[in-house]
Amino acid sequence: MSAVEAPRVEEKAARVSVTANEGGAPDIVHIVLDDIGMNDLWHSSDLPASVMTNIKALQEGGAELSNYYGQSFCTPRARAHAATDEAGVYSTTLITRESVARVKGMANTPSPTHAYASYHGVHDDYGVNDTQSEVPPAVMLAINEATTMVRRKNFAVGMYFADERRGGAARALATHSTDYVIVLHADNGGSPCGSHCDSNNHPYRGTKFYDFEGAVKLPPPSTRAPRARAGTSYNGLMHHVDWLATFATGLAGVAITDDTVDSLDHWKAIHARQLQRLRGRDTVAFSLGATEATLRFQQRGA
């Protein structure tokens with residue numbers, strides 16, 4: 001913590017400039033998962049690989065953004081507040097169904113399209129218990145062998161459905177778009193002491209709602225595109241707010257040049273081959289008050 005004076009921001013429209021977009025403008029599908037800890041995704045030490053086969057394929061086939069931060073609170077705002085909607089359909093299924101429909105529509109759209117899928121899963125959902133009968137027996141056996149903790153098993157079931165549905169969206173995208181980028185990341189760290197599902201923020205301490213690394217440092221977002229080189233990694237400091245400038249460049253070749261807009265363009269990190277030459281932001285401010293602030297500074301040489 002350090003004491004700072006809250007800045008005064010002048011309200012005005014952001015200035016933009018049009019730049020050449022290397023390689024043309026692709027379709028973009030942006031997927032956000034809810035309450036996912038550092039030990040819940042790509043390199044999880046206790047979740048079996050079979051619960052995230054599609055997500056791991058995305059990570060292995062694309063670029064990994066290894067120094068990525070979010071906020072400590074849930075930023076995606078799904079309409080459903082539990083695991084099922086009024087008709088009893090799991091919200092992960094509903095969101096994917098709509099996402100696939102929009103992806104299929106990309107084939108009939110002459111200009112590049114951005115589709116945003118904000119999942120309520122995995123979260124701390126009691127409805128996950130009712131979906132275990134739909135998990136393939138081999139996957140459920142792997143979950144039971146991986147952990148004896150009931151709430152961790154429930155989390156694994158929720159992750160399986162998020163992964164399986166995401167795979168459907170990815171397959172639709174590969175069929176209906178010739179040039180695309182898929183971006184997947186979490187909104188914030190998880191809750192290791194949930195009522196129904198336990199996430200895992202190891203090796204960082206803290207939980208969602210608090211400005212510790214366990215809440216704000218997220219599993220590396222993964223991006224996949226036909227133009228990208230598989231297995232690349234980008235270590236530039238990046239935050240949620242940077243997707244605005246990044247997608248503006250990717251979709252429209254538009255650079256946001258207004259200093260009052262706190263968004264940094266990382267577009268080249270998605271498909272460039274020389275990622276070590278790119279530089280991220282210097283600072284992330286998670287909270288900023290009149291007498292205190294929570295800040296993250298980029299380590300020089302990192």
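A surface patch here is made of residues with over 30% relative accessible area and no salt bridge, with like charges joined within 9 Å and nonpolar side chains (Val, Leu, Ile, Met, Phe, Trp, Tyr) within 5 Å. A salt bridge is a side-chain nitrogen of Lys or Arg within 4 Å of a carboxyl oxygen of Asp or Glu. The model is predicted: local features need pLDDT of at least 70, side-chain atom pairs count only at pLDDT 80 or more, and totals for chains, interfaces and linings use all residues. Residues are numbered from 1 along each chain as its sequence is written, and side-chain values use heavy atoms, with hydrogens and water left out.

**Surface patch**
- Phe73, Phe209, Tyr210 and Phe212 make up a nonpolar surface patch with about 440 Å² of accessible area together (Shrake-Rupley method, 1.4 Å probe, only the protein chains shown counting as cover).
- Phe209 lies in the loop between strand S6 (180-186) and helix H5 (213-216); helices (H or I, at least four residues) and strands (E, at least two) are DSSP runs numbered from the N terminus.
- Phe209 is partly exposed at 44% relative accessibility, where buried means under 20%, exposed over 50% and partly exposed in between (1.4 Å probe, protein chains only).

**Strands**
- Strand S2 (residues 27-34) runs parallel to S5, joined by 6 bridges; strands pair if DSSP finds at least two bridges between them.
- In strand S5 (residues 114-122), 7 of the 9 residues are buried.
- Strands S11 (residues 283-288) and S12 (residues 293-297) pair antiparallel over 5 bridges, and a hairpin of 4 residues joins S11 to S12.

**Cysteines**
- The whole structure has 0 disulfides (cysteine sulfur atoms within 2.5 Å).
- Cys193 is exposed at 68% relative accessible area, whereas Cys197 is buried at 2%.
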